[in-house]
Amino acid sequence: MAKTEYECRKCGKIVSVEQYKNSHFCKDCETLLNLKPQPRYWLFQFNPSIYKWFDRIKETQEPEQWLVSQHFRLIREGDLVAVWGSGQKAGVYALGQIITIQGKKPLNPNQEKYYLSKSDVGKFQEKHSAYVKYFRICLDKPLLQEECNRDNILLDMQVFMNPQGTNFRLTIEQWDRIRDLTDKN
Ligand SMILES: [Zn+2]
């Protein structure tokens, strides 16, 4: 589990609960410290018959712009994301972290060519989006749906209950399990 910490929003210093009890101000810049927000965990889904995610990731592993259609108010910078591809070989293909949240911005031109339909590109102008930076890509050994279905923790993932959508919440237990299972591969 993530531990409770405080942070200085001015200089970025991180302070433990013990240090915070001694002083509620940053030692370096004397700013009042805030409780550091805990990261949340998400599953972002792409459909390979709409977006050629696999082609893109083979060409570049630069941060990727994702539509935030659901949970916009909850998704924050620093949150962690498992990337789920739907279709015949459904599963987790990458893990990453949200580095930027932005308002209604056009899709960045580098990604446009991977969309098969212009109407999907246009959605970026109507909805918020987020950039995800990947720290693990498991194209050769993804965590496939059949393995998730056999797992007591992953069996209950939202994406199985109601597979429509882009952004699904994961519990911390689900995230930890996904991280462990993609690590062993
Ligand atoms: Zn400071």
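This is a predicted model: local features need pLDDT of at least 70, side-chain atom pairs count only at pLDDT 80 or more; totals for chains, interfaces and linings use all residues.

Colleague: How many aromatic pairs does the structure hold?

Modeller: There are 12 aromatic pairs. One of them is Y51 with Y115: the ring centres are 4.3 Å apart and the planes sit at 35°, so the pair is tilted.

Colleague: Where do Y51 and Y115 lie?

Modeller: Both are in loops. Y51 is between β4 (41–46) and α2 (53–59), and Y115 is between α3 (109–112) and α4 (118–126), so the pair ties together parts 64 residues apart in sequence.

Colleague: What about W53 and F54?

Modeller: They form an edge-to-face aromatic pair, 5.5 Å centre to centre with 85° between the planes. W53 is buried at 0% relative accessible area. F54 is partly exposed, at 21% relative accessibility.

Colleague: Which residues do ring pairs link into a cluster?

Modeller: F46, W53, F54, Y93 and Y134.

Colleague: New topic. Which residues are the protein donors of the zinc ion?

Modeller: C8, C11, C26 and C29, each through SG. They lie 2.3 Å from the zinc ion.

Colleague: Why is the arrangement called tetrahedral?

Modeller: The 4 donor atoms subtend angles of 98 to 124° around the zinc ion. Four donors count as tetrahedral if all angles lie between 85 and 135 degrees, so the label holds.

Colleague: What spacing do the donors follow along the chain?

Modeller: The spacing is C-x2-C-x14-C-x2-C.

Colleague: On to sheets. What is the order of the open sheet of 3 strands?

Modeller: The order is β2-β1-β3, with antiparallel pairing. β2 (14–16) and β3 (34–35) are the edge strands, each pairing on one side only.

Colleague: How many bridges are there between β1 and β2?

Modeller: Strand β1, residues 5–7, pairs with β2 over 3 bridges, in the antiparallel sense. Y6 stands opposite V15 in β2.

Colleague: And β5: how many of its residues are buried?

Modeller: Strand β5, residues 64–68, has 5 of its 5 residues buried. E64, W66 and V68 point one way, while Q65 and L67 point the other way.

Colleague: What does β5 run antiparallel to?

Modeller: Strand β8, residues 128–137, is joined to β5 by 5 bridges. In that pairing, W66 stands opposite A130 in β8.

Colleague: Now N167. Which strand is that residue in?

Modeller: N167 is found in strand β10, residues 167–170. N167 is buried, with a relative accessible area of 2%.

Colleague: What does the side chain of N167 reach?

Modeller: The N167 side chain reaches the backbone oxygen of L67 at 3.0 Å. A polar atom of that side chain also lies 2.8 Å from the backbone nitrogen of S69.

Colleague: What else is N167 in contact with?

Modeller: Leaving aside neighbours within four places in sequence, the contacts of N167 include L43, F44, V68, Q70, H71 and I75. L67 and S69 are on that list too.

Colleague: Where does P39 lie?

Modeller: P39 is in the loop between β3 and β4. P39 is partly exposed, with a relative accessible area of 27%.

Colleague: What does P39 touch?

Modeller: G78 and D79, not counting residues up to four places away in sequence.

Colleague: And how far apart are P39 and H24?

Modeller: C-alpha to C-alpha, P39 and H24 are 22 Å apart in space, and 15 residues apart in sequence.

Colleague: Last bit, the whole chain. How many helices and strands?

Modeller: The protein chain has 7 helices and 10 strands. The C-alpha trace spans about 55 × 40 × 30 Å along its principal axes.

Colleague: What share of the residues count as buried?

Modeller: 40% of the 185 residues.

Colleague: And what share of contacts join residues at least 24 apart in sequence?

Modeller: 68%, among contacts between residues at least 6 apart in sequence.

Methods
Residues are numbered from 1 along each chain as its sequence is written. Side-chain values use heavy atoms; hydrogens and water are left out. Rings of Phe, Tyr and Trp (its six-membered ring) pair if their centres lie within 6.5 Å; planes under 30 degrees apart count as stacked, over 60 as edge-to-face and the rest as tilted. Helices (H or I, at least four residues) and strands (E, at least two) are DSSP runs, numbered from the N terminus. Buried means under 20% relative accessible area, exposed over 50%, partly exposed in between (1.4 Å probe, protein chains only). Donors are N, O and S atoms within 2.8 Å of the metal (3.2 Å for Na, K and Ca); water is not among the atoms, so sites may look incomplete. Four donors count as tetrahedral if all angles lie between 85 and 135 degrees; four count as square planar and six as octahedral if opposite donors are over 155 degrees apart and all others between 65 and 115; anything else is irregular. Two strands pair if DSSP finds at least two bridges between them. A polar contact is a pair of N or O atoms within 3.5 Å; within protein, one must be able to donate a hydrogen and the other to accept it, and residues adjacent in sequence count only if both atoms are side-chain atoms. Contact means heavy atoms within 4.5 Å.
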